[in-house]
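We will go stop by stop.

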Amino acid sequence: MVIYFLLFPMIAMIYLMTLLLRQKAQIQKTIFCVLTFGTLGFISASRASSVGTDVTLYENIFKSINYGMSAENNLGYAIYNKLIGNVFGYTGHEITAANSVLITILIGFFIWKVAEHYFVATFLYISLFYYATSFNISRQFIAMGLVLVAISFALDKKVMPWFILTVLATLFHATAIVAFPVYLLTKVHWDAKKTLGIFPITIFASFIFDAILNIFVRFFPHYEMYITGTQFNIAGQGQGRVVLVKVFILFILLGLLLLYQKRYGLISERHHNIIALTTVGLSIGIVFYNNILLNRVELFYSILSIVFIPIAIDYISLKFKEKDAVRLMLTIGILLITLVPYYIQVSGNYSGILPYTMNK
């Protein structure tokens, strides 16, 4: 269990080292992302098949695809598995290592491209348990990484890269189809009322969820395993604990909106979009907290909280005279608070990540 807590001093030391180099800010950011996500990728790629509840399943699928015995429904993932098998062999661990490296490259690139406070965003990527969760649902995390990179292009108003990457993500995990509204959402002129309006829309959607679900399952029948009939299901994936984290992030959002309700125009358009997209994830995660399929769907948006929280801290601190001191205190306080659910999730062996052992 110790290794999961050593990650924090590790990234802190890398961050301090980059600051001591006294290079240009972008160079420091690049060095930090390369070293940090290189290390995170190595730790994830080197783990044994027992570290992560789905690892053995993915390795068996990988071997089945390469032996021509699998009916994998996601074309992109099947081709990717075949490519890895042809290049590196298919004893099993190859796909675990490849998935780990690909996920960390995609997430690292997103943070490098979008996060202004990249150390805080990386800390939150770990402390909000996204990194450890990637040990488990690796295929979806590849799709999520592709969606995040696509979002980085959508924020820059680059339509084709966003569209191509989003389509590619759906070829790895069909639930990535929920990311298609992203570009339209970035075209909305957001204000506090519109952002908060996402919640009643989500609540309304909960009443017609059965009809929407039936349509989705008709096109993607293999996702019927996440449901029983048309009723909500209690997720066996620690959602009771995870929803508390989402409520905590919701309070940060409400604090930001309360302070800037009348002066929301002071927030940049790019930040408006990040706040709105994060709110989509929070609303789905809270309203549908006990539905397994929607737990998977909301991850595509709620993971944006790793860049939203530093943005919110920046704007909230501007309301105070000693803004730099307030920003520092808020940052330290929020990061420390996120370590509480992180400890609970790690010690409770959420996602089956204990004990950490290396592949032999």
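Which residues of α1 are buried? Select Tyr4, Leu7, Phe8, Met10, Ile11, Ile14 and Thr18: these are the buried ones. Keep in mind that this is a predicted model.

Now show what surrounds them. The buried residues of α1 pack against α2 (25-45), α6 (118-127), α7 (130-133) and α18 (323-347).

Next, check the length of α1, residues 2-20. Its 19 residues should span 27 Å at 1.5 Å a residue, and the end C-alpha atoms lie 28 Å apart, which agrees. Step just past α1 to Arg22, where phi is positive, about 55°.

**Salt bridges**

The whole structure holds six salt bridges. Select Arg270 and Asp156: their closest N and O atoms are 2.8 Å apart. This pair links distant parts of the chain, with Arg270 in α15 (269-287) and Asp156 in the loop between α8 (138-155) and α9 (159-170), 114 residues apart. Arg270 is partly exposed at 24% relative accessibility. Asp156 is partly exposed too, at 31%.

Move to Arg327 and Asp314, a salt bridge with closest N and O atoms 2.8 Å apart. Arg327 sits in α18 and Asp314 in α17 (305-317), so the pair ties together parts 13 residues apart in sequence. Asp314 is buried at 16% relative accessible area, whereas Arg327 is partly exposed at 22%.

Asp324 is exposed, at 52%.

Methods:
Residues are numbered from 1 along each chain as its sequence is written. This is a predicted model: local features need pLDDT of at least 70, side-chain atom pairs count only at pLDDT 80 or more; totals for chains, interfaces and linings use all residues. Side-chain values use heavy atoms; hydrogens and water are left out. Helices (H or I, at least four residues) and strands (E, at least two) are DSSP runs, numbered from the N terminus. The expected span of a helix is 1.5 Å times one less than its number of residues. Buried means under 20% relative accessible area, exposed over 50%, partly exposed in between (1.4 Å probe, protein chains only). Contact means heavy atoms within 4.5 Å. A salt bridge is a side-chain nitrogen of Lys or Arg within 4 Å of a carboxyl oxygen of Asp or Glu.
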